[in-house]
Amino acid sequence: MSENNLTYQCGETALQEAVAFCQANDFHRFTLVSDTNTHAVLGKRVKELLRAQNWAVHTIVLEGQEIIADVATLNEVLAHSGSDPGVYLAVGSGTITDITRYCSHQQGSPFISLPTAPSVDGFASANASIVVRGNKESVPCLPPIAIFADLSTLRQAPKTMIAAGFGDMIGKFTALADWKLAHLIMDDPYDAAIAARVEKALQICIDHREGINLATPPGINGLMNGLVESGICMSLAGNSRPASGAEHHLSHYWEMLLLRLRRPAVLHGAKVGISAVLISERWQQLHSLKTGEIKRRLKNACIPPSQKEQEIIEKAFPTNPNMIIQGQSNYLSMTENEFSSLKKIILRKWKKIVEIAAAVPPPEKIISLLQSVKAPIAVSEIGLSKQDEIDALLYAHYLRNQFTILKLGRFLNLWD
Ligand SMILES: [Zn+2]
């Protein structure tokens with residue numbers, strides 16, 4: 001499969017195809033980035049395959065229990081890359097890929113992704129998810145030039161990582177609903193063809209859930225294809241909206257919280273799957289609102305006072321509130337007139353909002369899908385408290401300058 005100059009192969013012969021790809025493109029100098037785990041399961045084999053061709057392979061094996069794509073790690077990889085890194089090879093899952101994506105972009109060298117687990121949809125993405133001063137940032141870079149996914153390596157990945165990949169895909173239900181909502185209310189750009197591709201990728205993963213649970217070749221192949229397709233759709237859209245909405249904001253909120261409190265990290269897709277359950281509950285609540293009730297709420301809704309909003313952000317994000325306040329500037333500077341016209345738009349389009357809500361599966365359905373691959377369904381299973389859940393639902397929408405169901409709820413006081 002090749003699209004947007006991205007070559008993608010998933011199968012038993014993916015590594016041989018990677019070598020053929022490098023031969024065909026006259027690549028013979030590489031910087032391979034991995035961690036101790038991913039080096040053992042795949043990196044070492046890749047290095048030997050390339051060295052057998054008499055190619056130069058420089059390896060950077062990151063050490064430590066938990067690799068974080070923060071400034072310190074990025075600097076470490078850049079410092080060890082040398083002045084002529086050649087083609088970067090990202091051997092790992094989401095974090096290693098993001099670190100490599102960022103460094104390859106900084107160095108102006110292309111990178112090839114060699115995933116070790118079907119755990120996340122970011123492989124094909126152009127954006128690197130980076131931790132800057134405690135905040136999770138999406139930094140524009142470039143997608144890989146190729147992804148070679150060795151199926152037997154992916155099948156042997158920890159079950160929790162496979163389930164996390166499925167959770168990341170399940171999050172597309174609510175991400176797509178938010179994208180439609182933002183288009184409807186804020187006139188954000190929307191592409192129905194891209195949305196349809198994400199929906200199809202999601203359905204393929206759902207159809208393969210038994211195989212995903214058992215890590216069969218078709219199951220894992222289906223999941224990996226869905227994850228890569230989702231990343232391609234983000235690249236095509238030029239932003240993360242086709243694959244990321246309020247459910248990802250909850251996940252980012254918890255990730256930052258765990259980092260700040262120095263608590264153990266939780267897999268991205270595990271958090272996203274649980275968040276999809278919580279956000280689908282919000283859509284269900286919205287769906288059940290009577291027209292008279294929504295009219296009353298709109299009539300009573302007042303523009304959130306900017307000063308109060310800033311105080312909430314400072315309390316919720318003590319590490320670096322200013323970055324978040326800046327990101328929210330268009331909401332914080334909203335005038336009474338703008339707020340009034342926003343309320344009118346919401347009322348005028350309420351029927352369509354309800355249609356979007358009706359298309360989101362109910363929480364029971366999302367729970368049963370997650371359970372089919374033994375993914376966690378509640379925050380208590382990933383070491384988070386009920387308060388962490390409440391806080392995320394209240395504050396996570398401040399993390400991105402995006403209109404989502406949580407933003408709508410904030411303006412209308414829907415969850416009071
Ligand atoms: Zn994701």
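In the predicted model, Leu-250, Tyr-253, Trp-254 and Leu-257 of helix α11 meet Asp-388, Ala-392 and Tyr-395 of helix α20, contact being defined by C-beta atoms, placed from the backbone, within 7 Å. By class, this contact has 6 nonpolar, no polar and 1 charged residues (Ala, Val, Leu, Ile, Met, Phe, Trp, Tyr, Cys and Pro count as nonpolar, Asp, Glu, Lys and Arg as charged, and the others, Gly among them, as polar). Residues are numbered from 1 along each chain as its sequence is written. Local features need pLDDT of at least 70 and side-chain atom pairs count only at pLDDT 80 or more, whereas totals for chains, interfaces and linings use all residues.

Helices α11 (residues 246-260) and α20 (residues 386-395) pack at an angle of about 125°, their axes lying 9 Å apart. Helix α11 is therefore oblique to α20 (angles under 35 degrees count as roughly parallel, over 145 as roughly antiparallel, 65 to 115 as roughly perpendicular and the rest as oblique).

The domain assignment of the chain gives domain 1 (2-157) and domain 2 (246-412). Their contact takes 9 residues from domain 1 and 12 residues from domain 2. The side of domain 1 that touches domain 2 comprises 2 nonpolar, 4 polar and 3 charged residues. The C-alpha centres of domain 1 and domain 2 are 33 Å apart.

Ser-341 is located in helix α17 (residues 336-348). Ser-341 counts as exposed because it has 11 C-beta neighbours inside 10 Å (exposed: 12 or fewer; buried: 20 or more; partly exposed: in between). The C-alpha atom of Ser-341 is separated by 41 Å from that of Tyr-102, 239 residues away along the chain.

Notes:
Axes are lines fitted to C-alpha atoms, for helices over the stretch in contact, and angles run from 0 to 180 degrees between N-to-C directions. Helices (H or I, at least four residues) and strands (E, at least two) are DSSP runs, numbered from the N terminus. Two residues are in contact if their C-beta atoms, placed from the backbone, lie within 7 Å. Domain bounds come from an automatic or database domain assignment.
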